[in-house]
Amino acid sequence: MIKIATTEALEGTAVLDDAHLGDIQGAFGTIALGDVAPRRNLSAKLKTLLAIVGPGLIVMVGDNDAGAFGTYTQAGQNYGTHLLWTLLLLVPVLYVSQEMVLRLGAVSGVGHARLILERFGKFWGAFSVIDLFILNALTIVTEFIGVTLATGYLGLPKVPSVILAGAVVVGAASTGSFRRFERVCLILVAGSLVLIPIYLMVHPPVGQMVHNFVIPGFPHGAQVSTVMLLIIGIVGTTVAPWQLFFQQSYVIDKRITPRFINYERADLWIGIGLVVIGAAAMFGFSSAVFAGHPEFGNFTNAAGVSAGLAKYVSPLAGDLFAIALLDASIIGAAAVGLATAYASSDVLGFNHSLHRPVSKAKGFYLSYAGLIALSAALVIIPGVPLGLLTEGVQTLAGVLLPSAVVFLMLLCNDKEVLGPWVNGRKLNILTSAIIWVLVLLSIILTASVLFPSITTMQIVAVMGGGVAVGLVLGLYVLVQSRRTTIALAVASVEPMDRRTWRMPALATLKTPVMSTQRKIGLMTLRGYLIIAFALVVVKIVEVAVR
């Protein structure tokens, strides 16, 4: 096995915590630091993949959390499989956004929050970080709501169950062993496969599901504004801002370098596959179970889905769904909490690595445990509007997502940060289209709040107008980019150079200059999203008090 010296390989890089340097210690294998041996046969490639696998699986399955269980089963119970097509459209959004952050993590060695603050300054960075902290805290509350729903259905007491779940979440991350934490998470990932036997027990019509998966449709006779709120919720629960911060920092903590980016991309695709399978299963069996029964169109919560499965299929099906919900809630709380702790430590300068024991990273573990404890306490306190929080978090995540993806794309075009790994022109075009679609969805949601009687045809008109505006803006930007002397892509380099290139120390990077045009665009986006955020809150409250 060929190796290179540790000090020579990492000298001058921007890695902020020396615990992020060393061997890759994955759940299923180890890769020595400096291992540059080519993987020429299938066995060697498989062993490498097994050592790398983890970040993509955990971030994806972690996003099929308690809120996702509620959102997907609500869509199935209230509207059948008519909205299943949203999952197919979200696959490229998932891959593009997560591939960019894994690339940022492997190449830069610096967490997402720190990069935003360093490259855009405190004014712009504060918006993204504050959004993250507020949304993550609320998201973890929904995870513990999921714990109470699951354990309540199984006949377990609420307060001890929440306390025990919180202790498990904190304890799993506090052993000082990255490998141990990852093994616990991958056991929880395996637990998510419980959804498959439930699907097989219910056996929904496969042909109809395939049709609704590939051909977009709208539930006949449904109130447009309410359905749009749910679609935004599906977007928010499938592609959430916390995922960006988690995956980048977790890739760094696992010590993955540019040499293994392709293996991490494979890990990500496996995770996306599991997310789509799990989500589609929930759409399918929640639709089939309640079709033709009084509960159809009258979703209550995930515990109601368990009760329906027990009533119309078998008690075992109800118990399995409750167990899957509990599993999803725990892995979701761990992933979201860790994303917040990584970001907090990035900003405050704490040592932050699961390789460190508690005594050597007190600020990191304290912020993690404190957030978990606070969120669990809110669920236990009587009178907290838990149903409102569960529905609101997913929708607000969908509204705030465009802003997060904008900063992500800007970072991935920063040559000082990514060097030969910056986005190419085609990827930038695709990412810009994704951002514009996300903005359009939020515009439609805003319009449905302001004009509750808006019709499907009017929504189609808004979408058509938005697409036309997007094409015009895209053409303008494309023409301008061809006129500029600064190319978005970097000249080709030797493959070995690309695999070993890492971002220099932050202090040595040139300060980026924010153009007036970019400032106006970002201010416009931020101003609009603040308005949309407020209107979504109004709509959620309106739906909740009906």
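Biologist: What percentage of the 546 residues in the protein is buried?

Modeller: This is a predicted model, in which local features need pLDDT of at least 70, side-chain atom pairs count only at pLDDT 80 or more, and totals for chains, interfaces and linings use all residues. Residues are numbered from 1 along each chain as its sequence is written, and side-chain values use heavy atoms, with hydrogens and water left out. Buried means under 20% relative accessible area, against over 50% for exposed and in between for partly exposed, computed with a 1.4 Å probe on protein chains only. By that criterion, the buried share of the 546 residues is 55%.

Biologist: How are H5 and H11 oriented to each other: roughly parallel, roughly antiparallel, roughly perpendicular or oblique?

Modeller: Helices here are DSSP runs of H or I with at least four residues, and strands are runs of E with at least two, numbered from the N terminus. Helix H5 (residues 85-108) packs against helix H11 (residues 224-238) at an angle of about 40°, with the axes 10 Å apart; axes are lines fitted to C-alpha atoms, for helices over the stretch in contact, and angles run from 0 to 180 degrees between N-to-C directions. Angles under 35 degrees count as roughly parallel, over 145 as roughly antiparallel, 65 to 115 as roughly perpendicular and the rest as oblique. The relation of H5 to H11 is therefore oblique.

Biologist: Which residues of H5 and H11 make the contact?

Modeller: Contact means heavy atoms within 4.5 Å. On the H5 side the contact is made by Trp 85, Thr 86, Leu 90 and Leu 94, and on the H11 side by Ile 231, Ile 234, Val 235 and Thr 238.

Biologist: Which class does the pair of Phe 69 and Phe 321 belong to: stacked, edge-to-face or tilted?

Modeller: Rings of Phe, Tyr and Trp (its six-membered ring) pair if their centres lie within 6.5 Å, and planes under 30 degrees apart count as stacked, over 60 as edge-to-face and the rest as tilted. The whole structure holds 12 aromatic pairs. For Phe 69 and Phe 321 the ring centres are 5.4 Å apart and the planes stand at 35°, so this pair is tilted.

Biologist: How many residues apart are Phe 69 and Phe 321?

Modeller: Phe 69 is buried at a relative accessible area of 3%, and Phe 321 is buried at 0%. Phe 69 lies in helix H4 (residues 66-79) and Phe 321 in helix H15 (residues 315-348), so that the pair links distant parts of the chain, with a separation of 252 residues.
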